[in-house]
Amino acid sequence: MPNIWKAALRDLEEKVRTDTFDFWFKSIDFLRREDASVHLTVDDDFFKAWIEENYLDLIEDSIETVSGEPLAVELIVDGTEEAEADDEQQEAEMVQALDADEEPVAARVGRAEQQEARTDGPDTDSADAEQVDAPLPGDEDAASDGPVLPEEEHRERVVEAGLNPRYTFEEFVVGSSNQFVHAACSAVADKPAKSYNPLFIFGGVGLGKTHLLQAVGHRIIERDPDQHVVNLSSEDFMNQVISSIREERMNEFRTQFRNECDVLLIDDIQTIAGKDATQKEFFHTFNALYNSGKQIVITSDQPPGELPGIEERLASRFAWGLCADIQPPEIETRIAILEQKAESDDIDLDDEVALLLAQNIRTNVRELEGTLVRLSAQAKLMDQPISKQMVADMLDRMNIDQNREIGVDTIIEKVADYFDIGPADIKGSRRPRSISRPRQYAMYLSRKHTEHSYPELGRLFGGKDHTTVLAAVKKYEEKIEEDPEIANLFEKLETKIFG
Ligand code: ADP
Ligand code: MG
């Protein structure tokens, strides 16, 4: 019943990156179905081990999704007795498949010859002039300089480096949540390997890590087209290591990587957790590039010290340069991001609609943008502008609680009311428990339900130190977990506040 496997493959194709799918999944064949298991054939022991370690759960999930029952997956190496396959034939096909599927490192690493040809070309003078005049780091006018190369050629370089054309500094909205990391990235882009090396960017999903990483690449290529920028996901790196090992061309891989790369941009390093061979290779690549003064920029979902499954020697190198984290944007930045997206995609976006969206989608820019794009598609279908009602319906469908935007004063007032004291008591500094407790509750609730930073909250609570607010918030974060009565009390307060 090979249909199960065909359907599972379609499901898997949705779940993993295309190159991963092509490399690891396409060549798996269905062998047979037994009572509670499905037997699949793989090309060799190496494939088998790798898939078992990395993708078995995913495959079993997909098979369960399409068959409706949990089935164990057994991988059998092609050519073994069980699989009854012709060994040599398989091997030949596999080599062919690899040749066809795999994009060699050289393609991404950029082309030295073309580069040289270019410096001899008619553009040499202008290119050199630009470089001599290259702005100093931190120069505000820097961003407005166009690429050194003619547009067409520049675009080619961008593609060669594996950069998304949209992920530039110009299209990145800066707010207080990302100001620091943005500054670090532009410093690195202005002076590769001279300011911070490596630059390590970390933060949650959909906050702009990949965007900033690639913006560095764009800026470097704009300024100096001779720089070989290599941008790749850690998964790509891993797949390239694997195929080089398999094809016994590890030396070639190393030389290419280490000689033909001036700037390495590597995305989502957490994905190599637990992958020892890849980590080892990355360690050597890192050292070689670092020692020859090449810039490295890395992104991750965690700070270096908190990456589980990453070797200590690697994690400590990640922290050698500068680590910068990226936080969810505050409401003004979210609105600005929406406005920018609307402008670049030619979407009609009313201020109130933008506000409503920004108030309700708080922690993921990708989701914020995605919702805007879906709303715009819907509005086009209905041939009318995006209305607040459409936003409200969409948020409902996304299970997002609305109308939670509420001020600190309202929270203080309602909490004071509940405990029969006055708002002035909460903002004051008297310490009896009957007052200090409600004050702390109000602090916790204000942090949870508003956008204010700790110092701002301190001010709004009558000029208290931010550490006082922080302590209250931490205390009740813990207590709510531990003590159901406290959790219950907060639920009551929230009902009172939100009606
Ligand atoms: P991450 O890599 O952190 O998961 P991405 O860089 O892929 O996030 O960002 C998700 C989406 O949000 C992208 O389309 C990106 O362009 C956009 N984005 C994130 N932050 C900003 C920002 N500050 N300004 C403009 N667009 C942003
Ligand atoms: Mg990313």
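## Salt bridges

Glu-34 and Arg-32 are joined through their side chains by a salt bridge, with 3.3 Å from N to O. Glu-34 is partly exposed at 38% relative accessibility, and Arg-32 is also partly exposed, at 27%. The model is a predicted one, and a search of the whole structure gives 22 salt bridges.

Another salt bridge links the side chains of Arg-223 and Asp-190, at 2.9 Å from N to O. Arg-223 belongs to helix α11 and Asp-190 to helix α10, so this pair ties together parts that are 33 residues apart in sequence. Both partners are buried because their relative accessible areas, 15% for Arg-223 and 14% for Asp-190, are under 20%.

Lys-388 and Glu-352 form a salt bridge as well, at 2.9 Å from N to O. This pair connects distant parts of the chain, with Lys-388 in helix α19 (residues 388-397) and Glu-352 in helix α17, 36 residues apart. Lys-388 is partly exposed at 42% relative accessibility, and Glu-352 is partly exposed at 45%.

## The largest pocket

The largest pocket holds about 740 Å³ of space. Its lining consists of 30 residues, and those nearest the centre are Pro-328, Pro-329, Glu-330, Arg-447 and Glu-451. Sorted by class, the lining of the largest pocket has eight nonpolar, 11 polar and 11 charged residues.

Helices α10 (179-190), α16 (331-344), α17 (351-360), α22 (433-449) and α23 (454-460) each contribute at least two residues to this lining.

## The second largest pocket

The second largest pocket has a volume of about 460 Å³. It is lined by 25 residues, with Gly-206, Leu-207, Gly-208, His-211 and Val-365 nearest its centre. Two or more lining residues come from each of α11 (209-223), α16 and α18 (365-382). The largest share, four residues, is supplied by α16.

By class, the lining of the second largest pocket has nine nonpolar, nine polar and seven charged residues.

## Leu-460

Leu-460 is part of helix α23 and is partly exposed, with a relative accessible area of 33%. Beyond its neighbours within four places in sequence, Leu-460 is in contact with Val-408, Ile-412, Lys-427 and His-452. Ile-412 and Leu-460 are 48 residues apart in sequence, while their C-alpha atoms are 9.8 Å apart in space.

Technical notes:
Residues numbered from 1 in each chain as written. Chains lettered and ligands numbered in written order. Predicted model: local features only at pLDDT ≥ 70, side-chain atom pairs only at ≥ 80, totals over all residues. Heavy atoms only, no water. 1 Å grid on protein atoms, 1.4 Å probe; cavity = no way out; pocket = protein on both sides within 12 Å on 5 of 7 lines; lining within 4 Å. Points joined across faces, edges and corners; volume = space filled by probe spheres on them. Nonpolar A, V, L, I, M, F, W, Y, C, P; charged D, E, K, R; others polar. Buried < 20%, exposed > 50% of the residue type's maximum accessible area, 1.4 Å probe, protein only. Contact = heavy atoms within 4.5 Å. Salt bridge = Lys/Arg side-chain N within 4 Å of Asp/Glu carboxyl O.
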